[in-house]
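Me: I'm new to this one. Can you walk me through it?

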Amino acid sequence: MRTQHLRLDAGQSHFAWFDKGSQLIVLDGALAVTLRHAGLDWLPDVPQYIRRELDEGECLTLETAGHVALSARGSRVVSTTIVEPSGRSGMLSVWRGILRRLSGRVHGGRHVSEHV
């Protein structure tokens, strides 16, 4: 498993691609997580995105891969640890990695596994 630490100041947000099974653990502060929920696609009048608010000490495990927006909630700094599941082996994972990086460049975000 790979981990990354993310710190957001009050009013800051972060947009990135996360793999299925990634865990967002709030260490300090409160974090708002906005993600697409594919299970709601069949409902015509329901928003396709859901927003979850996590307080200090809470954890969210992502059920599907996709782009996620993280925002600092309130006037405090937010400290979050992102735990990404172990990488897959094989050619399919190489292509997925390439597509993720290209998608990140187009959308202006970055993938959590890239080292800063």
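Reply: Here is a short tour, and note that this is a predicted model.

Me: OK. How many helices and strands are in the protein chain?

Reply: The protein chain has one helix and nine strands.

Me: And what pattern does the chain follow along the sequence?

Reply: Read in order, it goes β-β-β-β-β-β-β-β-α-β.

Me: How much of it counts as buried?

Reply: Of the 116 residues, 32% count as buried. The chain exposes about 7200 Å². Carbon and sulfur atoms supply 55% of that area.

Me: What about contacts between residues at least 6 apart in sequence? Which share joins residues at least 24 apart?

Reply: That share is 79%.

Me: Switching to the inside. How many residues does the largest nonpolar core have?

Reply: It has 17 residues. Phe 18, Leu 24, Val 33 and Leu 70 have the most contacts inside it. The elements that give two or more residues to this core are β1 (2-8), β2 (13-18), β3 (23-28), β4 (30-36), β7 (66-73) and β8 (78-84).

Me: Why would such residues sit together?

Reply: In soluble globular proteins, nonpolar side chains tend to be buried together.

Me: Now the sheets. Which strands form the open sheet, and in what order?

Reply: Four strands form it, in the order β1-β8-β3-β6. The pairing is antiparallel.

Me: Which strands stand at the edges?

Reply: β1 and β6 (59-61) do. Each has a single partner strand, so one side of each is left without a neighbour in the sheet. Neighbouring strands of this sheet are turned by 20° against each other on average, ignoring direction.

Me: Over how many bridges do β1 and β8 pair?

Reply: They pair over seven bridges, in the antiparallel sense. In that region, Gln 4 stands opposite Ile 82 in β8.

Me: Which strands does β7 pair with?

Reply: β2 and β7 pair in the antiparallel sense over six bridges. β4 and β7 also pair in the antiparallel sense over six bridges. Ser 13 has Ser 71 in β7 as its bridge partner. Ala 30 stands opposite Arg 73 in β7.

Me: What does Ser 79 touch?

Reply: Leaving aside residues up to four places away in sequence, Ser 79 touches His 5, Leu 6, Ile 25, Val 26, Leu 27 and Asp 28.

Me: New topic. How many salt bridges does the structure hold?

Reply: It holds seven. One of them joins the side chains of Arg 51 and Glu 53, at 3.5 Å from N to O. Another links Arg 73 with Asp 55, where the closest N and O atoms are 2.8 Å apart. That pair links distant parts of the chain. Arg 73 is in strand β7, while Asp 55 is in the loop between β5 (49-54) and β6, 18 residues apart.

Me: Where are the partners in the Arg 76 and Glu 56 pair?

Reply: Arg 76 is in the loop between β7 and β8, and Glu 56 is in the loop between β5 and β6. They are 20 residues apart. Their closest N and O atoms are 3.8 Å apart.

Technical notes: Residues numbered from 1 in each chain as written. Predicted model: local features only at pLDDT ≥ 70, side-chain atom pairs only at ≥ 80, totals over all residues. Heavy atoms only, no water. Core = buried A, V, L, I, M, F, W, Y, C linked by side-chain atoms within 4.5 Å. Buried < 20%, exposed > 50% of the residue type's maximum accessible area, 1.4 Å probe, protein only. Contact = heavy atoms within 4.5 Å. Areas by Shrake-Rupley, 256 points an atom, 1.4 Å probe, with all protein chains shown as cover. Pairing = 2+ DSSP bridges. Axes fitted to C-alpha atoms, helices over the stretch in contact; angles between N-to-C directions. Salt bridge = Lys/Arg side-chain N within 4 Å of Asp/Glu carboxyl O.
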